[in-house]
Amino acid sequence: MASSPAVAISAGGAPPQRRRSRPETTAALPTSVARRDALLLCAAPLLALKLAPPAAARERRSRKVIPSEDYLTGPDGLKYYDLLPGNGAVAEAGATVQVHFDCVYRGVTAVSSRESKLLAGNRIIAQPYEFTVGATPGKERKRDFVDKANGLFSAQAAPKPPAAMYKITEGMRVGGKRTVIVTPEAGYGQRGMNEIPPGATFELNVELLEVVSPASK
């Protein structure tokens, strides 16, 4: 007959208690810290999107690098390249035209007609800039207020284009887009403008929207 294992009995008659292992204690983070970390983790993707907008990133990737030898030289010595030739009316000297323009310095848009201000409500819209091809730069900025469909607008409140734009648009067709290398003499000179420092060379992008020939004015 097999003997059963012996069990030690204490003097009181009860078997001894097994020693239980003490669970490891971990320092609990305060609720406010844990909540703050969770919020930061959730906001991280949003911060990344804010720092590098997808549209801007796509624009930088799709921007064409133009070899210097592909640029043409205008009558005033400015280098330009037609990104899109256009197929509409031609902008001749003396014609009134409407354009959108952007002055870009080291990848930063410093001046743009797409950020024109309206006096009524001080809103910012993409207001085309109107001027006469070959005219004295800035002459059109003295015209009276115009009540546009989007509100009261004045050329005086519009972004100031560089002098190069008044001549370099000659020969463009409606729908065309042209990029120009603007020297300080044809740009903002020794005063600069916004993010464009004094004496800086920058890039001017012009899109021709409409042409009014001298005969039809």
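Which residue takes a positive phi in the hairpin of β1 and β2? I found Gly77, with a phi near 90°, in a hairpin with 5 residues between the strands.

I noted the ground rules. This is a predicted model, where local features need pLDDT of at least 70, side-chain atom pairs count only at pLDDT 80 or more, and totals for chains, interfaces and linings use all residues. Residues are numbered from 1 along each chain as its sequence is written, and side-chain values use heavy atoms, with hydrogens and water left out.

**Strands.** I took strands (E, at least two residues) and helices (H or I, at least four) as DSSP runs, numbered from the N terminus. Two strands pair if DSSP finds at least two bridges between them. Strand β1 (residues 72–73) runs antiparallel to β2 (residues 79–84), joined by 2 bridges. Leu72 has Tyr80 in β2 as its bridge partner. I then followed β2 to β10 (residues 177–182): 5 bridges, again antiparallel. Here Leu84 is partnered by Lys177.

**Rings.** I counted 5 aromatic pairs (Phe, Tyr or Trp ring centres within 6.5 Å, using the six-membered ring of Trp; planes under 30 degrees apart are stacked, over 60 edge-to-face, the rest tilted). Phe131 and Tyr166 pair edge-to-face, 5.1 Å centre to centre, with 65° between the planes. Phe131 sits in strand β7 (residues 129–132) and Tyr166 in helix α3 (residues 165–168), 35 residues apart. Phe131 is buried at 1% relative accessible area (buried is under 20%, exposed over 50%, partly exposed in between, with a 1.4 Å probe and protein chains only). Tyr166 is buried too, at 1%.
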